[in-house]
Structures are given as structure tokens and as C-alpha cells.
Amino acid sequence: MLTTDSVAGCLVGVVALLVVIAATLAAQRVPAVAVAAPVAALLVALGLTDLDSAVDEVLAMAPTIGFLAAMLVIAEVCAREGVFRWVGSVLAGWSRSSPRRLLRIVFVVAAVTTAILSLDTTIVLLTPVAVATARHIGARVTPIAFSSAHLANTASTLMPVSNLTNLLAFSATGLSFLGFTGLMLAPWVVGIAVEYLIFRWFFADALREAAPCDVPASGTPETEPAPVHRPGLLLVALGLLLVAFVIAEPFGVPLAAVAGVGAVVFALPGLIRSPLPALRDAAVAVNIPFLGFVAALSVVILPVRNGPLGDWIGRLIPSSSTLLGILVVALVAAALANLVNNLPATLLLIPLVAHDPGLVLAMLLGVNIGPNLAYFGSLANLLWREIMHKNTAAPTSREYLRLGALTVPVTLGAAVLALWAGLSVAR
């Protein structure tokens, strides 16, 4: 029986979700924090969210936000020092002017980039490089561009550092860095392999045909790229940073602290050479409005999570990580990601699945792979669309949905089976 309080709670939850959707859409034109922060403050002022709970939520998010800020600086240094220009030259050389070979190489490079430097790095830095390489060898842009978008989501399941959603849920798993990565390795490999096979079939004609004379949206034709030197020192530094994540965590050193030290080390040469420009670049890379949006989002989602809507979703969550339980959680997570975006979906679901590490991992499969269905599924998708508008024509929502409807069910199902097998062995 519905009571006045439950109806009011549902209304508050619905309004909060609408605010989340509005803030996500607004992120394309104005900082999303400009929408989310005032609403978070209003929820507290009206007593719809307890102040102490809001403060505790933001404080709990602080290490994750700090880690994200540090990794954004590291990615910016890699871009500025030519890591991705070098990647572009490698893509062109290894492809041998073959569109199929280029697709295969982009899959591998995008998967590795996403796993180590997060999906946003793949979207922002690898997509333009992949598009330019496709034009340079005379391949069609669409399959190559789509591969960077899909791999940014699918390949972000591997490590805690690969996606903000993983960072948010990492502590809830109760696993070590290696434990998390070990259980997600099989779903990661299987998901990427299945997606690659679907791409080869779906884009079979485009990968055979030569591309028409294509120019960027700016109208400037592609030119022969200048020789690029391999940034060996930075590549070694990235490898050492990954090792540091693995080594430091068993000693109780937070990932945020390791990433912070890494950001300082990566930025130090630039700070010595040109202090002011390097500080400016780092400040821009940190993207304070986005970090503020993440913090405000954790408050806005509280009345949803703690209200009737959260209770209703909680009743859908199984009690244990059986094969059916993992599948149900992954499907619920994927559906929520496409309804309200994957960040709020993650924040909403974490407490509901925290009783079983296997369910937490299944939730991450859903919120990471699920957004390949539609543009709204993740902020990375929306960012990819804007980048595609600048470099070439972005696919329509219908085109994105058509490919996603083929890849998401099969890829997510295969990844769920791989996770279940891994959990069965681990037990």
C-alpha cells in the first residue's frame, strides 16, 4: 500500500534522476556541475538529504576524485610529449595500408590504452589519431572510429584504474588490485574478442572498400605525417606506474597517493622547462568542473538510493553470484546505465550489490559494456560524438544504436559467462 511518504519519496527520486539526466546532457554545452551542484545544495537545504550523509558521501569520494585528477594530468603529459603522435605513426606503419589490419591494431591499442590510462584517454587522444591514420591509408573512417568508442567502454573492465566506475566500486569488492584484475581478465579478453568478430562481420564491406576522398570537418586535407620519435622514457614510466599500483596496494598505500606521486613525476620535466605553461596545462587537464560534477552527483543520487526507488531496484538484486545472479545484475546495470548514465547507475547500485564481490564485478560489466548501446550511456560516448563532429561526421543516434544492439547483448553475455567461470575457479 502506497503511503504519502512513499509517494513523496518516489517523486523526489524521479526528480533527482531527471536532474542527473539534465546535467549529463548539459555537459555538452555547459559544465555539468553548474546543474548538479545547486540541486545537491537544494536537496540538503530542504532536508531531503541529510547534511552529514552528504558530507560523508563526498569525503568517501575524495580519494577516487583525487586519483582521477592525477591520471588526467598523466594523460595530458603523455599527449603533450608525443606519445599519441608516436602511436599514430605505429598504427600507420603496422597496418600496411590494410583496413582490416588497422582495425585489429586499433582494437589492441585502444584496449591497452583504456586499461592503463582509462577510457577518457582513449576517447580524447586515440580517436583523432585513429581517424587520421584511417584517412592516411585510404581506409573508411567509420569502423575505425567506432572501434575506439566501443573499446573505451568494453576494455575499461580490466583494472580498477581503467574507469571511474571501477574506482567507485573497487573498495566494495574487497579485492586487491591483482585480485580484481585477475577476475576481470577473462571477461576483458572474451568481451574484446567477441566485439572484434562482430565488427569484422558488421563492417565487412567497409573494410574491403577504399574510402572516398575524405577531408576533416575543417576542410583541411590530410598531409604526410612527419617522422615521430618514440617516447621511450614515458613508455617506461607508464609501465613503472602500473607496477607501482600493484606493489603499493598490499602495503596499504592508497592508489590515489601512487597516482599523485606519478602525476608529479610525469609533470616535473615540463615544470622545470616552462613552469607557468606546465601549471596551466595541468590545471586544464585536471578538469575541476568535471570533478565537481562527480562529487555533486554522489549527493544528488542519495535520495534515489535511500528512497522507494532504491528499495524497488534493490529487490531486483539477487543474493549471491550464481550464473543467473550475475546475469541479472549485469542486465540491470546495463539498463540503468542507458537510462540515467553509467556514473549515477554505479553510485546507485554499489550499496545494493556490495554484499557479494561477484555481483559488484557483474555490475561493472553492465555499466561499462552497456553504454555501447546508446550515446547517453556514458559521458565518454557524448565526448566521442563531439570529437567526431570536429574530425568527421558523427554517426547518428540510430546508427550508434544499430551497432550497439548487435554488440552489447552478445559481448555482455560472453563477459558474464567468463566472469562466472572465473569466480567458480576462484572459489
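Modeller: Happy to! Helices here are DSSP runs (H or I, at least four residues), numbered from the N terminus. This is a predicted model, where local features need pLDDT of at least 70 and side-chain atom pairs 80 or more, while totals for chains, interfaces and linings use all residues. Residues are numbered from 1 along each chain as its sequence is written, and side-chain values use heavy atoms, without hydrogens and water.

Searching the whole structure gives 1 cavity of 30 Å³ or more (points on a 1 Å grid over the protein atoms alone where a 1.4 Å probe fits but cannot get out). The largest cavity holds about 90 Å³ of space, counted as the space filled by probe spheres set on points joined across faces, edges and corners. It is lined by 14 residues (an atom within 4 Å of a point), and Leu68, Met71, Leu117, Ser118 and Val161 are the closest to its centre.

Which helices build this lining? At least two residues each come from helix H3 (51-80), helix H6 (119-137) and helix H8 (164-173). H3 contributes the most, with 5 residues. By type, the lining of the largest cavity has 10 nonpolar residues, 3 polar and 1 charged (Ala, Val, Leu, Ile, Met, Phe, Trp, Tyr, Cys and Pro are nonpolar, Asp, Glu, Lys and Arg charged, the others, Gly among them, polar).

For context, the second largest pocket (an open set with protein on both sides within 12 Å along at least five of seven lines) has a volume of about 450 Å³. Its lining has 18 residues, with Trp86, Val87, Val109, Val112 and Thr113 nearest its centre.
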